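Hello,

Here is the structure I promised to pass on. Please open it first, then read my notes below.

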Amino acid sequence: MGLRRVAIVGAGMTKFMRRALETGRELSWQASRMALESCELTLKDVDGVVIGTAPDVFDGVHMKGEYLADGAGGWGKPVLRGYVGGGTGVFSPIQGWYHVASGLFDVVLVVAEEKMSTCHPHPQGAFLSIFDNILERPLEPNLIWIFALEMHRYMAAYGISKRDIALVSVKNKRNALDHPCAQVAENITVEDVLNSEVLVWPVNRLDVSPVSDGAAALVLAAEHVAKRVTDKPVWIDGVGWHLDSAYWTNRELCYPKYVEYAARMAYRMAGITEPRKQIHVVEPYDPFSYKELHHLEGLLLCGKGEAPQLTADGVTQRNGDLPVCPSGGLMGVGNPIAASGVMKTAEIFWQLRGEAGKRQVPGRPTCGLAQAWGDLMQVGTVIVLRT
Amino acid sequence: MVGEREFPGTPLSDEDLHKGKVLTVEADPNARYAWDTGVAIGRFLAELKNGRIIGRRCHRCRRTLVPPRMFCEQCFRPTDEWVYLKDSGRVNTYSISYIRWDASRVAEPTIPAVVEIDGAHKGMGFLHLLGEVKPDDVHMGMRVKAVWKRPRERVGSIRDILYFKPY
Amino acid sequence: MGSLEHIERVDQLGQWPGEMPVSFLYTVGVAGERFLRELMENGRFLGSRCSDCRYTYLPPRLYCERCFAELTDWVEVGPRGTVEALTVAHVGLDGQPLAEPQTFALIRLDGADGLLIHRISAPAGQELELGATVEPVFHPRAARKGSILDIQHFKPTPARRR
Amino acid sequence: MPSRVAIVGVGHTQFRATSPGLSYKEIMFEAATKAYADAAIDPRRDIDSFVCCSEDLSEGTGIFDEYVPDQIGAALRPVHTIAGDGLQGLVAAYMQILTGAFDVVAVEAHSKASNILTPNYVLALALDPIYVRPLGAHPHIVAGLEMSRYLHASGASREQCAHVVAKNRGNALFNEAAAYGADLEPDEILQAAAAFEPLSRLDISAAADGAVVVVLASEARARTLDAEPVWVLGAGWCTDSPALDSRQWDTAAYARLAAQQAYRLAGISVPSREIDFAEVDDTFSYKELQHLEALGLFRPGEAGPATAEGLTTLDGDLPVNPSGGSLGVGHLGEATGLYRLVEVVRQLREEAGPRQLPDVEVGLAQSWRGVPTATGAVVVLGKEPEA
């Protein structure tokens, strides 16, 4: 659809950590440099930089994109920071895509960073500021409230149990044991999830991804550059994003329509008509266990309310018919908000190149998808990659 | 292969951070605001002070919107008139919270809910709390009614409603 | 500005107060640890040097922003430096006039390319100008915390010793 | 070659020191309504994508992108936020159209600066938290230092800067949207109280509230609309080092590099001859001079004398900031650059009323993100498509 094809040619990331010694700028540099080295490019080769990072109150820096710019390779270059809440991580490569597809850029560095440990007494305090300033903040909501409300609505609409949902935590935390950057990888059981501390029913401690520090980066290139620097370019064949109304208490929460719209936009661009058949490996956004299921449905990879069965049947296991979150996802690797979406995109990149090591899914996948979500249960961002 | 690479990053423990093993700088943002409530929310708050819930109606799509807004996001046009709604409704969804906004534990759980307001367009409501009910007795679709602060205690705030209770 | 409805009661136009209810705890980072500890313990300034770009960062950086190399070449710079820019602040963060105007300078420490921004204080009657040579005044060792504020301020060097 | 991109609609509110009785949503709605009426389009049907420009801490809301869609007709549509000036939002829209995947894209930016009770504290959060912020200084010391350096390096004088203030506030008298029009003599400005020497209080633009929306369209789509298109001939944006220690202090390197990119796209080789008028950033008086030189509209050191001689007045050889600039209109936060682009559009459409410049074909709008950033953007607009 775009005038020019755009490929991902390199990826890098830091460990995801509860607390990092590095400053946000240092984390950004670590991930960016690794991404450039992975494709043997240097900063000189980079024409433009895209920075993805979500609320400034995590890092405790106003105009955080400016602050991070040198660590992200932006010195003396065109730099643009975009964001769509939690959807930012997958939006950042989309933003990189339109830079290159526009014809104005040949090589773009996409960098996402979050240093949530800066925020005290707890990063969740920062989330109070995402609620409506006048009608919601006075009620002193916790971030988890709204997801508990959505999860409950989803469970009720389709008769889904907490046990069905807990399987996602078990799978993703186990997958993450093979990820060298993982923060909360472990072997747990469904019972462990159900017996973990109840935070906001129906959400238990082990249904929630952690707060994290970390950065991740991608190198995007136009076709003529991509073919020169690698024999394994991974093409960005479809991108989509949609933002629904801010009035979340006016919307039906049991189904993420905005994810469906974003997916349809990306599928149209990528020529995907039967997503379940044409897509081989997916990294849907899983900051909470139920979100993976919710998103599989929104991505039209199964019918409404059917994702739990898919999970129970083992279809979404790494060696299943449709591997879902082979990285370990946010539930296992960690969740430095924007960086985690770039991590997901990087995972699909590595999977399609056969470079995912112990996490490699079988069957030589040629088409994969990464998706993120965020704001007030409001935004979907989708990217479709092919070899 | 990615699994063999050395990934950067230096994890710290809580102790490293708080017991001086690494150098740190503390800061208080002192970021304070006074947001203009505007036409729609200004009126909504004024009516809460009066013990009433008010919405705005769009004549084109025939929806009555709450929280009210001066524009219809579906039709992209100004909304047309104010409509008083009832102070009752139904529980659209709810949860049971054992934590505060800052993640600290509470002794008695609170029950956040989305309450669809009677008189508003189907499915439209706002976030509030439920009260005078045990968590186990709440169910989706339950009829609830606002419990207001006493008139002289109301200030024109969403908290002029203490909570919604079954009725 | 246009309003979609006539405002009946200007005395009832409302505002809702709020704030960012958090505080921040920043790590000083990999390069910052080395720089600030040296400042605290020995009152010495360490820069980090990129030999390819011929640039010595101060404060030091872990990486060169120009070529992205990891910087491992640490060099002592200063403590004397040159004033590159000056400003006298008459207004404080609260927007109110300061009781005492404060002078700030961009200082290039000898041997560094990067510029330090800090308070500068000259004895009464002594005019400060661009190009002046200055040196740091440190807090006593026991009072230093590993912070940029371990330097109280800079002051003009009394006489040129060579 | 990609097709051209046109500005097909502009809309904005008046700009005033305060905007009591109106929420940010309500002022955005007004600007959007006007822009869509100007373009004669229905956003719910005709706009493919929306870009909003905001920073969380200017709004007092985390991930502010949540609250943008409804009042600009963007609910459940592709919407994203650029954490940058409106001109950076505009280049994001420009690139989206150049990909060929979007025909019509709207850009929004606004200021509710009056709602920030502690603006200097908020701005101080943009300073480096380790090395600069602990000094406890008002962030405008960065501008005081830079002005000291600029005057030293360029030979410009405070008097010449005062001419900038007198000119821009005078121009604002002819702009009904402007908040701070005034008839002042340079001498009166020089006598104003010192703020951050060499800056006086009157050298610093004051904040104002307001909202701006601009609609862009592909050439093919622009041809089908009633509105007279104004063409984007070139655009560029750039970030110098975010760190105060390693950036260039004498000249505005970011503006020079952004202009190079824009001029290359626009095919401009002698900007001072090919550009008829300019709207350049004048957040602080000296910045207008520094920017004019960085943009190549004057040689280094010549913008000051030229301004004092009246070359940049409404009837000068190169009118600069006919709108009144930030000094006269008010500083509009992230909407600053976007409103200046609106002024260029109005001048090229010959709709500028009492401040209409005669015979203008090509105009330039430039933005700077303010202290403590070293980021700016340049957009060159032209009346007629090249033959």
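Chain D has an average pLDDT of 97, and 99% of its residues score at least 70. pLDDT is the predictor's confidence in each residue, from 0 to 100. This is a predicted model, in which local features need pLDDT of at least 70, side-chain atom pairs count only at pLDDT 80 or more, and totals for chains, interfaces and linings use all residues. Residues are numbered from 1 along each chain as its sequence is written, while chains are lettered from A and ligands numbered from 1 in the order in which they are written. The model's scores are ipTM 0.97 and pTM 0.98.

Chain D first. Its domain assignment gives domain 1 (5-117 + 208-230) and domain 2 (139-204 + 233-382); such bounds come from an automatic or database assignment. The C-alpha centres of these two domains of chain D are 23 Å apart. Their contact takes 32 residues from domain 1 and 27 residues from domain 2. Contact here means C-beta atoms, placed from the backbone, within 7 Å. On the domain 1 side, α4(D) gives the largest share, 7 residues. Helices (H or I, at least four residues) and strands (E, at least two) are DSSP runs, numbered from the N terminus.

Next, the core. The largest nonpolar core has 401 residues, and V214(D), L216(D) and V379(D) touch the most other members. Both domains of chain D give residues to this core, so it lies between them. Such a core is a set of buried Ala, Val, Leu, Ile, Met, Phe, Trp, Tyr and Cys residues joined through C-beta atoms within 7 Å. Buried means that 20 or more other C-beta atoms lie within 10 Å of a residue's own, with C-beta atoms placed from the backbone. Leaving out residues up to four places away in sequence, V379(D) touches L87(D), L90(D), V232(D), A235(D), A262(D), L341(D) and A365(D).

Now the partner. Chain B puts 19 residues in contact with 27 residues of chain D. On the chain B side, β2(B) gives the most, with 5 residues.

Chain B itself has 2 helices and 13 strands. Its radius of gyration (over C-alpha atoms) is 22 Å, well over the 15 Å from the globule rule for 167 residues, so chain B is more spread out than a compact globule. That rule is 2.2 Å times the number of residues to the power 0.38. Buried residues make up 45% of chain B.

Best wishes

Definitions and conventions:
Contact = placed C-beta atoms within 7 Å. Buried ≥ 20, exposed ≤ 12 C-beta atoms within 10 Å, placed from the backbone.
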